[in-house]
Amino acid sequence: QVQLVESGGGSVPAGGSLRLSCAISGYRTDSVCMGWFRQAPGKEREGVAVMHTSRDRDNAVYDDALKGRFTISRDPARNTVELHMTDLAPEDSAMYYCALQQTGRSWCTFTPSNFDYWGQGTQVTVSS
């Protein structure tokens, strides 16, 4: 059984930082797409960062508006994926989800429906 469990969310003031973690069990994070998505109330779920993983190199892609503030990374030994967020703004407030896509491709997309497994989400609230 594949499970993804997010942690690390919370409330921070504008300009603050958070590090989200996603612990994956039941599936190795090699040669897959890992993604972080977020969804604010009344809005569509949107991709924040996706990463194609391999034994040689992980290849990350970011939403253009977030590039430079968010960083996705992986710890193969712990089978975890993290999202480091800096310079947070109130508009970054949302539920953040970790997702995994089983894929034979070497690239990933921001399309939520392409992802096979999802965590339950962790809430991020940024106050002004």
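Colleague: In this predicted model, which residue is the bridge partner of Arg19 in β8?
Modeller: His84 is the partner of Arg19.

Colleague: What makes β3 and β8 a pair?
Modeller: Pairing takes at least two bridges between two strands. Strand β3 (residues 18-25) and strand β8 (residues 80-85) are joined by 6 bridges, so they count as paired. They run antiparallel.

Colleague: Where do β3 and β8 sit in their sheet?
Modeller: The order is β1-β3-β8-β7, in an open sheet of 4 strands with antiparallel pairing.

Colleague: Why are β1 and β7 called edge strands?
Modeller: β1 (3-7) and β7 (70-75) each pair on one side only. Neighbouring strands of this sheet are turned by 15° against each other on average, direction ignored.

Colleague: Now β9. How do you know that strand β9 is largely enclosed by the rest of the structure?
Modeller: Buried means under 20% relative accessible area. In β9 (residues 94-102), 7 of the 9 residues are buried, so the strand is largely enclosed.

Colleague: What makes β4 a partner of β9?
Modeller: The two need at least two bridges. Strand β4 (residues 32-39) has 8 bridges to β9, running antiparallel.

Colleague: How many bridges join β9 to β10?
Modeller: There are 2, and the strands run antiparallel. The cut-off is at least two, so β9 and β10 (residues 117-118) pair. Ala99 stands opposite Trp118 in β10.

Terms used
Residues are numbered from 1 along each chain as its sequence is written. This is a predicted model: local features need pLDDT of at least 70, side-chain atom pairs count only at pLDDT 80 or more; totals for chains, interfaces and linings use all residues. Side-chain values use heavy atoms; hydrogens and water are left out. Buried means under 20% relative accessible area, exposed over 50%, partly exposed in between (1.4 Å probe, protein chains only). Axes are lines fitted to C-alpha atoms, for helices over the stretch in contact, and angles run from 0 to 180 degrees between N-to-C directions.
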